[in-house]
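Me: I'm new to reading protein models. Could you walk me through a few features, one at a time?

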Amino acid sequence: MTTAQQAPTLFDSAYYQDPYSVYDWLRVHDPIHEFRFPVGDVPMVFLSRYDDVKALLSDRRFSNDGDVWGSEEFKKSGMIFGADTLIGRILTVLDPPDHTRVRKLAMGAFTPRRAAAWQEPVERIVNEALDDLAKSQNPDVMDYASKIPADVTGAILGFPLDRFADMLHAIERAFHADPSNPDNEAEVAAAFDEIVVYGRELIVEKRRNPGDDLTSVFIQARDGEDRLTEDELVSMVALMIMAGIDTTRNLIGAAVLGLLDHPDQRRLLVEHPEHTPTAIEEFLRYDGAFCVGLFRLAKEDLEIGGVSIPAGTPVVAGLQSANHDPEKFTDPRRLDITRNGQRHLALGHGLHNCMGAALARLETGVAVPALLNRFPDLRLSVPREEILFEENWLLRSLPSLPVAL
């Protein structure tokens, strides 16, 4: 058998353009892969098989809270998400019992009635984005994909328009910083702080003028019976600001590219819109917004498949590797919008499965078919090999997708 020392490299430039070839190798030859992360040279473990990834995501012996459970080496690396800011205490890193309490309150805002009410603003915003795309001198699907979740998030949170552009700029700096920049850590921390400030401003405004928006609902959970602390309230609003924009943008962009690469599936979706629900799940499985999950920190010394995992070691859940595991998905490299059967892990699993999944599905399910119907001759305006993904360890992100309409 080929040795682990010959494994392709994770998180280098070649990997970012084709992570799936790396995953294919790891699943066969080294499914519990020990490596050193390029930032901080931190020793980690990467899981690539579906069953291992799914088990990791729900294993209570691990935590997403690097500030509490991470090794000293990991803490010093600068890789702790939102370290030294309120972002570092968002729901996605909390453990029970705080996670249980805060998530239950947050999910109270995502009622079926409220989700149904999002349909109209999503359709309106998609139509506006299509009009903007039609007027563009240099049409880019990623401009379209960016506008929709940004405007939808602003609408459902009730964000004042005069601060909206600043908020989007802060998100861009927080999640798309240049990792080669020595000042990167300080710039990211400053961007996270700005997002927290915007969240506090929004809470002040909604306490003064409450409405039928998510921020007002979260405030009721804080002020009604003091069930959320003030910091938990701010971090919840900040999480909604961050999580609602970049991930859906990436999903819409990758879905369009996938359909351009598979013209038979594009044609099938246009001719049979009833396939939209399964198409959305296939977009998530095929090239989801996250390549990997947030670091899972071992809370104790343990072992996975014969590999020792010392306490504090970060373990990486290869979400998209799991979603391309041929043991679970037939012909996984092919986009098939009628695919059913095994559930993908693109939205997580266990405690930290995606809270805003219904909204992401709604936006994608409106945005992608609407684009294809409005512009039936849509095609790339540059050679396919010029479409490159951003070098971002967490997000599967297309900076640009230029098209001819």
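This is a predicted model: local features need pLDDT of at least 70, side-chain atom pairs count only at pLDDT 80 or more; totals for chains, interfaces and linings use all residues.

Me: In which sense do S1 and S2 pair, parallel or antiparallel?

Reply: Strand S1 (residues 32-37) and S2 pair in the antiparallel sense, over 6 bridges. Their hairpin has 4 residues between the strands, and Gly 40 there takes a positive phi near 80 degrees.

Me: Which other strand does S2 pair with?

Reply: That's strand S7 (residues 314-317), paired with S2 in the parallel sense over 3 bridges. Leu 47 stands opposite Ala 317 in S7. As for cover, 5 of the 6 residues of S2 (residues 42-47) are buried.

Me: Okay, helices now. How do I describe two that pack together?

Reply: You give the angle between their axes and the distance between the axes. Here, the axes of helix H15 (residues 263-271) and helix H18 (residues 357-374) cross at roughly 95 degrees and come within 10 Å. So H15 is roughly perpendicular to H18.

Me: Which residues meet there?

Reply: Arg 266, Leu 269 and Val 270 in H15 meet Val 368, Leu 372 and Asn 373 in H18. That contact divides into 4 nonpolar residues, 1 polar and 1 charged.

Me: What span should the 25 residues of helix H11 have?

Reply: Take 1.5 Å a residue: H11 (residues 184-208) should span 36 Å, and its end C-alpha atoms are 37 Å apart, so the two agree. Buried residues in H11 include Phe 192, Ile 195 and Tyr 198.

Notes:
Residues are numbered from 1 along each chain as its sequence is written. Side-chain values use heavy atoms; hydrogens and water are left out. Helices (H or I, at least four residues) and strands (E, at least two) are DSSP runs, numbered from the N terminus. The expected span of a helix is 1.5 Å times one less than its number of residues. Buried means under 20% relative accessible area, exposed over 50%, partly exposed in between (1.4 Å probe, protein chains only). Axes are lines fitted to C-alpha atoms, for helices over the stretch in contact, and angles run from 0 to 180 degrees between N-to-C directions. Angles under 35 degrees count as roughly parallel, over 145 as roughly antiparallel, 65 to 115 as roughly perpendicular and the rest as oblique. Contact means heavy atoms within 4.5 Å. Ala, Val, Leu, Ile, Met, Phe, Trp, Tyr, Cys and Pro count as nonpolar, Asp, Glu, Lys and Arg as charged, and the others, Gly among them, as polar. Two strands pair if DSSP finds at least two bridges between them.
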